[in-house]
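Dear colleague,

I am passing on the structure we talked about, and I would be glad if you could look through it with the notes that follow.

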Amino acid sequence: MKNRVLNILLLILAWGNAFGQQKMGQLPMERINPILPGYFADPTIKKFGDTYYIYATTDNEMLASGVPTVWYSKDFRHWYNCTMEVPSLESVNLRNFWAPDIIEGDDGRYYLYFGNCQAGCNIYGYVSDTPVGPWEKLNKEDTPVIAHNYPRKGFPSLDAQFFKDDDGKIYAYWGTWVHYNGGYAVGELDTSMAKVKNAKNIPLGETPEPFEAAYMMKKGDKYILMYSGGSCHDETYNVRYSYSDTPYGPFVPGENNPILSTNEEGTVHGPGHHSVLEENGRYYIVYHKHDYPMTRGGLSRQVAVDEMVFENDSTIRKVVPGSKDLQYLVKSNAPKNLAFGATSMASSFYHLQSLRYDYAYKPSFATDDHNATMWKAGDNSFPQHLTLDLGKTTRIKRVMTQFEFAGYYYQYKLEYSADGQNWDLFADRSGNKTPGSPMVDDKEVRARYLKLTVLDVEKTGLYAAVWNIKVFGSLFEIPLSLQSKPSKEGPAAKSSNGKLVAIDAEDASLGQDFVSLPNKGNIGGNFEKEGQVSVTDDGEGVKAFHFTKGALVLDQAVPKSLEWNGSFTVATWVKNPQIAKEGECLFSWCDRFRFNLANSYNALHFNSGHYGAAAHLDGHFDMKYNNLPLPNEWHHIVLTFDGVVEKIYVDGKLDNSQVMTLASQIANAKIRIGASDVGEHFSGHMASLRLYDHTLTEKKIQELMQQTEPKRAKN
């Protein structure tokens, strides 16, 4: 009987494991629709006059270090994006515009605040006559409004939100990583709007399980201090609150905490860092959540909104994500979208296959009017096209295209046709260098078919990808009608689809000292020896490079096809006698110092730690080996990236994978074999190495493994 019970338990466990290992496909998105088409985080929502504004961190670029951006709308359904003009500091060339907030002053001007962590974590302030800029510095000497080490030494000033009380006083609430920094901080903004005074820390016990993103609001006579707990990198992120009778506390933890967290079906994953909109006596929580499929570490967040209900002035109910369609919060004057549900075809579409996902970015996703789904081309080559069949010939006056990245430009053309065979030009953006979302093209024609041909992009490795394409038979008002400044960069460098680097120990002389060795790859040049590298017998008759605190450094520049999100494959035969927990870099080609941000650096390692396979400078983004290759044995190790998924193969089999977006920095980098740019030396044998500026399929990897397998010397 005991054996039978044990067998049943083992069977149940096996079923559970099998279910847990099932790949994730399309989630039920019908009721969960991000309101913005793109990757944005830390949203602050405001209503000035009859226009709604969302100020947010631009995500999915160098650890959320994108351009300062604002979205605006009059109907809460059609949102328009613009890059704001924010002057840099004299001492720091700003690239972090994190967690912005904005308040309207008594003088009728608008005051913008955001965090930056390039010289300590500080809050800087700007002022403008309009909610969208252009902006001027509040402090000409670049003095922060809230400085690092305030209100006490070591305290990082980040994630500041400002609250105006009934008496006109404005309070600031800020702090991050507060679970080990001693709690949030609160202070009063002085009348100059340029400095916070009378600051103190809020004891940790008053805001249980905190992480970051404090937000103050008032309900009746109660001060509601909301905040985010858990970790922003995973499913534990959530929204919590405490309340008080004064802006400074003491605060009492609220009921129903957390009020917003990851839901069971996974359509809301890692929600947090929010703000609140009050509209006609009702409250709406605007927050970010992770994209789907989820980019590793939460690099690609999206903004969503749900209704938030108070039971009384000090009690908030749990938020039910997607319970109401808040896009219809305000009546829209826009006509019907003729492309909604239209039949769509594409030159290709991307099929994401990894250990976790089996998901297709179908052409139909471009016409579903859904900001959580997109059409993405099958690879990052150009041109790529998307064709819509509207079902019948109809009048068309406007086409609005929401490309994947609002902060980068896309070059494209739009054509129209009555029969799907003969095409005329609707809009020519083949030389476009202005980013924005949506891209708006107007022309009056009659057509049944529309064809979007994406010709190029600003950044290397980005795909032709569209959240939504919308078609209208009449024109309508676009609020503000702002336009971002044209970019001075790009277009993107192109892959050569070639083998950039090839080096084999078999071609070197055994035991002979050398200064340099030729690169047999397309970019040529020579590998110069730095430190201790020799050509030896591995002890089993295999000729190999033996690394002992040395490296082979190529005297050629890193090709531009490898910058930013460029595809690559690194393949090498290695034998590591002892596998350390850290270090052991096999190959590197990025400069970790230019930005020193997580996804701006990548390299291949062979260690047992969290970056044992792919290093990106942060454990939240690195990729380890699921099954660590055995020591003192020859292994074929391949790291490949196609612009969407990063994969590590060991001996021809997929070992680990993750959805990843890179911002690889190569300007001052060197191609190094056997070490990183800070050492981390490999301490074993290497028989060969190949580098490509494109991805290799599993079949090609297996063929390469056979072709380059180390040969033992004949007796």
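Taking a disulfide as a pair of cysteine sulfur atoms within 2.5 Å, the count by this rule comes to one. The model is a predicted one, in which local features need a pLDDT of at least 70 and side-chain atom pairs count only at pLDDT 80 or more, while totals for chains, interfaces and linings use all residues. Residues are numbered from 1 along each chain as its sequence is written, and side-chain values use heavy atoms, with hydrogens and water left out.

On confidence, pLDDT being the predictor's confidence in each residue from 0 to 100, the protein chain averages 93, and 96% of the residues score at least 70. Over residues 1–20, however, the pLDDT is below 50, and this stretch has zero contacts (heavy atoms within 4.5 Å) in the model beyond near neighbours in sequence.

The cysteines come next. The disulfide joins C117 to C121, with an S to S distance of 2.0 Å, and it is right-handed because the torsion about the S-S bond is about 115°. For accessibility, buried means under 20% relative accessible area, exposed over 50%, and partly exposed in between, with a 1.4 Å probe and protein chains only; on that scale C117 is partly exposed at 24%, whereas C121 is buried at 7%. C590 is accordingly in no disulfide. C585 is buried, with a relative accessible area of 0%, and C590 also counts as buried, at 2%.

Turning to secondary structure, helices (H or I, at least four residues) and strands (E, at least two) are DSSP runs numbered from the N terminus, and two strands pair if DSSP finds at least two bridges between them. Strand 3 (residues 69–73) and strand 4 (residues 80–83) run antiparallel and are joined by four bridges, with N81 in strand 4 as the bridge partner of W71. These two strands form a hairpin with six residues between them, and F76 in the turn has a positive phi of about 65°.

Strand 18 (residues 282–290) pairs with strand 19 over eight bridges, and H288 stands opposite V303 in strand 19.

Within strand 11 (residues 185–189) lies G187, which counts as buried at 0% relative accessibility. Leaving out residues up to four places away in sequence, G187 touches several residues, among them I170, W174, V196 and Y248. The C-alpha atoms of G187 and D313 are separated by 23 Å, the two residues being 126 apart along the chain.

Finally, helix 2 (residues 698–708) has I701, L704, M705 and T708 as its buried residues. Seen down the helix axis, these fall within an arc of 105° (the arc of the directions from the helix axis to the C-beta atoms), so they line one face of helix 2. They pack against strand 35 (568–575), strand 39 (634–641), strand 40 (645–650) and strand 43 (685–692), while the face turned away from the buried side carries the exposed residues K699, Q706 and Q707.
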